[in-house]
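Student: Please take a close look at the pairing of oppositely charged side chains in this model. I would like one connected account that also gives the cut-offs behind each term.

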Amino acid sequence: MTHPLAAPVPALLPELLPYHRMARVSARHRWWRPVLGTGFVAVACVLVAGLLYALGSALGAARGYPEAADGTVEFGPVPGTALDLLAIASAIPVVLLAVRWAGRRPAGTVSSVTGGLRWPWLGRCVLVALPVLAVTTGAMLLLPTDDAAPSRWAGWEVFGPALAMLVVLVPLQAAAEEYVFRGWLTQAVGAFLRSPWWALVPQAVLFAAAHGWGTPWGFADLALYGVVAGRLTVRTGGLEAAIGLHAVNNLLAFGVSAAVVDGLKSDDTAADAPWQVVALDLVGIALYAAAVLWLARRHPPTRTVPAPAPAPAPVPVPVPPPWPFPGPHPQAHAAHLPVSWAPVPVPAPYADRTDAPGLPPGAAPCTPPPPGATGLPPR
C-alpha cells in the first residue's frame with residue numbers, strides 16, 4: 001500500500017537532442033549510417049558537379065564557345081561563374097538525399113531541429129548581416145593594395161547581368177556549403193559525440209581545406225569562420241544564421257569583383273587573403289555573432305527536439321489450451337491453468353432458498369414418503 005505522504009515518482013522525460021545530435025532523431029539510427037552517408041555525400045557531390053561541367057562543356061562546344069588553354073570551354077566571366085556556382089549548389093539535393101536515404105530521417109532535419117528552414121529567422125539573420133558586413137567590406141576596399149594598375153568600372157552593361165546572376169546563384173552556393181559542412185558533417189560527427197565542440201572542429205578544418213591553401217592567415221580565417229558558424233548553428237538550432245552570414249558575405253565579395261573589369265576572372269579565394277583583410281573579416285564575424293546571439297535571446301528559436309521514444313517490448317499473447325479438456329477429470333487440468341483461462345464457477349440458481357436450495361420460488365420441495373408408503377419395511 002502506498003503511503004499517503006509519499007511523493008509521486010516523476011515520469012522519465014525523453015532526451016532533448018540539439019542540432020548536432022539530430023542524426024539520432026530517427027528510431028532507425030545505427031552507428032554505420034553517418035559513415036555510409038558521408039561517403040555518399042563525398043562521392044555524389046564530385047559526380048554531380050562533374051556531370052554539370054560535362055554538360056556545360058558539351059553545350060558550350062555546340063554553341064561555338066572558344067576553347068581555353070586547359071582544354072575546357074571558355075564561357076566568359078558571367079556564364080563561367082554561373083556554372084561554377086551551380087556546380088557547388090548541386091550539393092544541396094545530394095545532402096538532402098543522404099539525410100533521407102542513409103540517415104532514415106526527414107530531409108529537413110539537416111536544415112533545423114524543426115524539420116525545415118525557418119524563413120522568418122533566416123530573414124532576421126540576413127538583416128543583421130547586411131549592415132555589419134557592408135561596413136567591413138567597405139573598410140577592406142580602403143586598404144592599400146600592391147597592384148600597380150587601378151581597378152576600372154566595368155559598366156552597367158556588364159555589371160547588371162552579372163549582379164542578377166549573382167543574386168540568384170550566390171545564396172544557393174553559400175547554402176550548399178553550409179549544408180555540407182555545418183549541416184551533414186556536424187551531424188555525422190555529433191552522432192557519436194555529445195559535446196558540440198568535437199563536432200565543430202573537424203568540419204571547420206575541412207571547410208578551410210576545401211578552399212585551397214593560400215596563406216596561413218587565409219586558412220586561419222576560414223577555419224575560425226567555420227567554428228563560429230557552427231557554434232551559431234548549434235546555439236540557434238539550425239543553419240539559418242550560418243547561411244545568412246555566408247550568403248551576404250559572398251554576395252558582397254562577388255558583387256565587388258563583378259563591378260570591375262575582369263573581376264570575375266580572378267581565381268583568388270578567401271584562402272589567399274592577407275592578414276589585414278583577415279583582421280577586418282574577423283571583426284565582422286564577431287560583430288555578427290554577437291548580434292545574432294543577442295537576437296536569439298530576444299526571440300529564442302527552437303534549439304532542441306525530443307529523442308524518439310524506445311519501442312515498447314512486445315506483450316506475449318497467451319494461447320488457450322484445447323477445450324474441452326481431455327481426460328476424465330477436467331478439474332485437475334483447470335487447477336494448472338492461468339487464472340485468465342481457468343473455468344469460472346457459476347453459482348447455482350436460487351441457491352439462497354433455505355427451505356429447498358436450488359428450487360425456484362413457488363415450487364414445493366420434494367418430501368420423502370412416510371414409512372411404509374413404498375411397500376418396504378422400515379429399518
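**Salt bridges and their surroundings**

Tutor: Glu178 and Arg182 are 4 residues apart in helix 5, which means that about one helical turn separates them. Helices here are DSSP runs of H or I with at least four residues, strands are runs of E with at least two, and both are numbered from the N terminus. The model is a predicted one, in which local features need pLDDT of at least 70 and side-chain atom pairs count only at pLDDT 80 or more, whereas totals for chains, interfaces and linings use all residues. Residues are numbered from 1 along each chain as its sequence is written, and side-chain values use heavy atoms, with hydrogens and water left out.

The side chains of Glu178 and Arg182 meet in a salt bridge, with 2.8 Å from N to O; the term stands for a side-chain nitrogen of Lys or Arg within 4 Å of a carboxyl oxygen of Asp or Glu. Side chains of opposite charge can pair when their charged atoms come close. Glu178 counts as buried because its relative accessibility is 0%, and Arg182 is likewise buried, with a relative accessible area of 0%. In these terms, buried means under 20% relative accessible area, exposed over 50%, and partly exposed in between, with a 1.4 Å probe and protein chains only.

The salt-bridge rule gives a count of 4, and another of these pairs joins Arg194 to Glu15, whose closest N and O atoms lie 2.8 Å apart. This pair links distant parts of the chain, 179 residues apart, since Arg194 sits in the loop between helix 5 (156-190) and helix 6 (196-210), while Glu15 belongs to the segment before strand 1 (16-17). Arg194 is exposed because its relative accessibility is 59%, whereas Glu15, at 35%, counts as partly exposed.

A further salt bridge is formed by Lys265 with Asp262, and here the closest N and O atoms are 3.7 Å apart. Lys265 is partly exposed, at 48% relative accessibility, and Asp262 is partly exposed as well, at 47%. Asp262 lies in the loop between helix 8 and helix 9 (275-298), and its backbone deserves a remark, for Asp262 has a positive phi of about 60° although it is not a glycine. A positive phi also occurs at Arg104, where the value is near 50° in a residue other than glycine; Arg104 lies in the loop between helix 3 and helix 4 (119-141) and is partly exposed, with a relative accessible area of 27%.

As for the chain that carries these pairs, the protein has 10 helices and 2 strands, which follow the pattern β-α-α-α-α-α-α-α-α-α-β-α along the sequence. Of its 379 residues, 36% count as buried.
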